[in-house]
Each structure stands twice: as structure tokens, then as C-alpha cells.
Amino acid sequence: TRVEGALYPHESETREVRNLDGIWNFVKSDEGNPTQGVREQWYKDDLSKVKTVIPMPVPASYNDITTDPEIRDHVGTVWYDRTFFVPNSWRDNQRVWLRFGSVHYEAFVWINGETAVKHEIGHLPFEADITKFLKFGEQNRITVLCDNALIQTTIPQGKISEAQRDKGIAIIQSYTFDFFNYAGIHRSVHLFTTPKTYIEDVKITTDLKESTGFIFYEVTSNGDIPLEELRVRIQIKDKRGNLVGKQTTKASELKGVLNIENVKPWWPYLMDPEPGYLYTTEVYLEGANGKLIDVYRVKTGIRTLTWTESSFLINGKPVYFRGFGRHEDSDIRGKGLDYALLTRDFNLLKWIGSNVYRTSHYPYSEESMQFADEQGIMIIDECPSVDTENFNQALLDKHKSSLQQLVNRDKNHACVVMWSIANEPRTNQYNADTYFGSVANYTRDLDKTRPITAAIAVPSKDDKAGRHLDIISFNRYNGWYSNTGRLDMITDHLVEEAIGWHKKYNRPVLMSEYGADTVEGLHILPSFVWSEEYQQDLLSKHFRAFDILRKKVWFIGEFVWNFADFKTQQKYKRVGGNKKGVFTRNRQPKAAAHLLRKRYFSLAQYL
Ligand code: GCB
């Protein structure tokens, strides 16, 4: 079986990349009739021949593009199509691939009316060799069916029900997680070519010993040329493009290790004057006679991660995390990839002195992972499991699949310092112990070079999953969901809880969420819930607790919830969404951002 979407589509001397982003045609199925289009074979011809289509941008969530609530709140399937041209020059000696950065939640794809690929679980890439479906030197059609329905065996879970409405029956999607279930073609769609025999995957790990860096590489090829006739030539280039290492393997052996003398390690932001240093690993797949077959380049940060019962170290130095929980979310485009937003967000992270974020509550775009590598922003990489309950085998299989796809996609990113296998699972439930034992061990088998965590919200005494984790993360809303408005009931509670987690499991502990909803511009003195004053005071009370805890080496970090305001489902507790951002949804600071900035810079380990 193929390694699904393991390599981001970069062009090279043997690969061409074309982008299919732009305006596509869009229709939704009739409510309560999700299988309509498949039964009527809408993929056999242009969608405009079966229905009235509307324009829809790709990448973007479709929900907030139109003025129609039936599209925003649609439950079930929608369809996209467009045409594209395939040049004659792509006909010979190569494969043409189609790749989606992500479609939420489930996708079926047809090329010229033929089934090309299916994929389930949002926020993760998938691809297929579509050479045999294409008409070269002609126009082709791509049709995509996207289903947003969440049930008890999807990741994340949801429930579908029916309810009476004014003119008939409404289909209701409910879910307990606290962000809008945006759907659509969320990330870029690429066509790319590879030779017939090609580099399918490259796996890189690194090590450091004094001033020497080590790059371990393992290349997987696929295609007609037998392994005995293949070898790889590796070249390592530094940031300026100077060659600093090279090696050619023996035939049929596509792996090895290279030493880099006077290595420049990858450091997080504000731990070194030059954070995020990246080498380039150039992989040349060659025939045994030296004939060039395929080329792929991977950015490589050389660093080590080590963890014990009481510490987490990068390149041998203890790390204190100054970070955020975040969302991929913005006005109009929803969860759609947007380079302007992405760049602004990294500028804000650096402005505020943050060195890390958690990809709450699903994998973020590959483009954002590349950014984080380059800027030295560490990532706690979370799979899309949120609020998990009613543990069962079908759910477990899918949960594992989400981690397999995530590790496969992100394994080579220096920025990824931890895997988060879930957010707020109901780990007080009876089956949680075996379920999370199984998920954690599975993840460890996939990658032993990074520790495993999960963001837990049940009280430590009731938790059954923590013993399977390397690092304990906990979410708690002192002064907000508990003891609302009581600034005098935060510091001690927090210190006690952190100590409780450490006592129970003897692991490093971090606080993965805390915060207060805050309406920008609302000022109330003395501070009162929802005001800018209250958010600042609540943060300050937490800082006091963190400063007490920081004296204990095992307390390793603080993550505010949230980086920016974001949209949720309609609820009487939410005014236009969740307002716990220290930045507004359009990325301007609330007063608390200035306070946090002072703290994060004062905690910086290099300045
Ligand atoms: C949590 C969840 C997060 C919510 C947050 C809140 O515990 O992990 O997804 O948005 O609380 O603001 O309620």
C-alpha cells in the first residue's frame, strides 16, 4: 500500500507542480438526501448540467462565502467541479498525481467521471496517481464530493438527528467540541508529476554529539525499476547553499547516515540568535549506473529531543514553553489556507515572544509547519481527536489511522516536538485506560523520537490515561468555568492541581489551556467577566501560579487559550464565537496581548 501523501509536492529537476486553486463550481445536495448525487451520477458530466452551480473559492471553507444560511449550516454532501488542461508534454515517462492538502471531513474524487481517490478524516493530505484517467493535450474534469457529517465513529465524533421544522424535517448535526465544523476543500489542490520510478518517501532523523550533527536518512522508492538497480546520492547543503556533506549508497541500500562537522543546530525562537536553522537534504535517486531518476529536497533542522520524569530538553537544554492553543480560523475563509493570515500569525507570535503552539484540535496546514520550521516555533502536533467518548474498536482504528497519517506527514519537521493524541478525551470513562494505552503505544511505534501527550480536562484523581503519556498536559479554566469572576480562586487551585498531576504520574507537566472570554473594547473597573480588565487580571493570577511552579523543574510550560478569537457553533454562551483570544479574530491585540508580551519576553532563554 502507498504511503499516503508523505511528501509535500515540491518541484525539482524531475518534478513539475501545478496548482488547481481558484474558483470551482459548487452545488449542495438536497437536505436529507446525501447520496442523491452518487445515485444520479453527477460526476459523469459537468455539475452545471445537473444543477445550478455557484462559484466557490478553493481553498476555503464553503460555509461563510455566501449569504445563504442553508449553505452555512448544511449537513451532508456538497459537490465541487472544474476543468483543467493537461499538456502533451506530460504524456511520456512519468506519472501524474493529484494531491489534496485537506478536505473536511470525507472526500470522493472523480477524474473524467472515473473514481480516482477516496479519503476520510479532515485536515490531512491524500493523493493518487491519476495518469490512467487523464486525456493528455486536452481538457479534463475533476469532481469532488465532500461530506461533513460527523457520527460516533468519525474523528472527531458528532451525532446526526432529525427534528421538526416549519416545512418538514431538518437534519441536525450536533457536536460537543467548541469550534465551528467548517467544511470544504480547505487546502490547496495540486497536480504534480514524478518519473515512473520515483521517491515515495524520505524519513529523516537527527542527532548531535558536541559540534557534530548526524542526519540519518531512509528513502523509499516505488516503480518498475527493481531495488537492486537503485541507489541514492545524498547531498546536504547549509542555509547559504554550500555543500557540507555527501554520500552515495550501495545499490539496493537506500539508507545511511551523514556527519556534519561544526553543525549549526535547530533552536527555538529566543533560545539562540539564529533560531530555526535549516539544512537541505537533497535526495537523488539513481540507477546503479549513476543515471539520474528522481530528485526530492527536504528541509532538515538538526536537533535532539530528550525527556525524563521531570524535564524536557532540546539539544540538551531544558525548554520552558511560552505558547498558545490556536485554531485555523478566520473571517470569510473559515479554515481555508490563506498565506496572508499565516504570515501575519507568525509575525504576531514573534512579536509576543512565543516559542510554541499546540495545533488544537487537528493538524494544521503543511505550509504552516514549514513556516514553524523556519521561524523556530515549536509545535505540539495534535491529531483530530477531540472530546472523545464511548470508546469502541471502530473509533480506535480510525483514531490510530489519524495518527498514522499525521506522523507520516509531519515526521521530518524539526518544529514538531511532541505528539498530542487527543484533546479533552473523557478519560474518566471505564475503557479509557486500555483505549489510550493502545493509541499511545501505536504512536510510539510510529515515532520513538518524540514524546507523547494529550490535553486532559478531567480531575487528575479520575483520569485513567495519563500513565500512558510521556508528558502531562492539562486544561483548566479557574476563574472562568469554575469560580466565575473569582480572581482570588485561581493561583492556589492551579498550583495544587499541577502538583496533583505530577504526584500521580511523575512526569513533566504543562498547562495546555487557561483563559477568559473577552470582548474587545469592553472596559469594566473593578474587573468583571468579559472585560479586557478581567482577561488581564486572570492571566496575571495564572502567571503568579506559574512562577511558583517554575521553581519545580517538572513544570515545563504555559499555553494561553486562545491565540485569537474564533467561530463556534451557535450557542447562547458564545457571542459570535469564542472570545478567549488575546488577539481579535482579525489579528489585532487586546490589552492582554501587551501584558503577555512582557511576560513571554521576560521568560526568554536568550536575548
Ligand atoms: C476547552 C476546549 C477548547 C474550548 C475551551 C473553551 O477546554 O479544549 O476547545 O474552546 O475549553 O473556551 O471553552
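Entry 1: I began with the loop between strand 10 (138-147) and strand 11 (159-165), where Pro-156 lies. The model is predicted, and in it the peptide bond from Ile-155 to Pro-156 is cis, with omega near 0 degrees. I then found a cis peptide bond joining Ser-360 and His-361, with omega about -5 degrees. His-361 sits in the loop between strand 26 and helix 4 (366-375). I noted both because most peptide bonds are trans.

Next I checked phi. Ile-121 has a phi near 95 degrees, a positive value in a residue other than glycine. I located Ile-121 in the loop between strand 8 and strand 9 (126-129).

**Entry 2: the hairpin.** I stayed with strand 8. Strand 7 (residues 106-111) and strand 8 (residues 114-120) run antiparallel and are joined by 6 bridges. I looked up one partner pair: Phe-108 has Lys-118 in strand 8 as its bridge partner. How many residues lie between the strands of this hairpin? I found 2 residues between strand 7 and strand 8, and Asn-112 takes a positive phi near 50 degrees in this hairpin.

Phe-26 stands opposite Tyr-80 in strand 4.

Entry 3: A closed barrel of 8 strands runs 25-26-27-28-29-30-31-32, with parallel pairing. Its neighbouring strands are turned by 25 degrees against each other on average, direction ignored. For a closer look I took strand 26 (residues 356-358) and strand 27 (residues 378-382), which pair in the parallel sense over 3 bridges. Val-356 stands opposite Met-378 in strand 27.

**Entry 4: a helix pair.** Helix 7 (residues 491-505) and helix 8 (residues 532-550) pack at an angle of about 40 degrees, with axes 8 Å apart. That angle makes helix 7 oblique to helix 8. The crossing of helix 7 and helix 8 is right-handed. I listed who makes the contact: Thr-491, Leu-494, Val-495 and Ala-498 come from helix 7, while Lys-541, His-542, Arg-544, Ala-545, Ile-548 and Leu-549 come from helix 8. By class, this contact has 6 nonpolar, 2 polar and 2 charged residues.

**Entry 5: the ligand.** Last, I asked which residues are around the ligand. My list reads Asp-178, Asn-423, Glu-424, Ala-457, Asn-475, Glu-513, Trp-561, Asn-578 and Lys-580. By class, the shell around the ligand has 2 nonpolar, 3 polar and 4 charged residues.

Definitions and conventions: Residues are numbered from 1 along each chain as its sequence is written. This is a predicted model: local features need pLDDT of at least 70, side-chain atom pairs count only at pLDDT 80 or more; totals for chains, interfaces and linings use all residues. Axes are lines fitted to C-alpha atoms, for helices over the stretch in contact, and angles run from 0 to 180 degrees between N-to-C directions. Helices (H or I, at least four residues) and strands (E, at least two) are DSSP runs, numbered from the N terminus. Angles under 35 degrees count as roughly parallel, over 145 as roughly antiparallel, 65 to 115 as roughly perpendicular and the rest as oblique. A crossing is left-handed if the near helix is turned anticlockwise from the far one by less than a right angle, and right-handed if clockwise. Two residues are in contact if their C-beta atoms, placed from the backbone, lie within 7 Å. Ala, Val, Leu, Ile, Met, Phe, Trp, Tyr, Cys and Pro count as nonpolar, Asp, Glu, Lys and Arg as charged, and the others, Gly among them, as polar. Two strands pair if DSSP finds at least two bridges between them. A residue is near a molecule or strand if its C-beta atom, placed from the backbone, lies within 6 Å of it.
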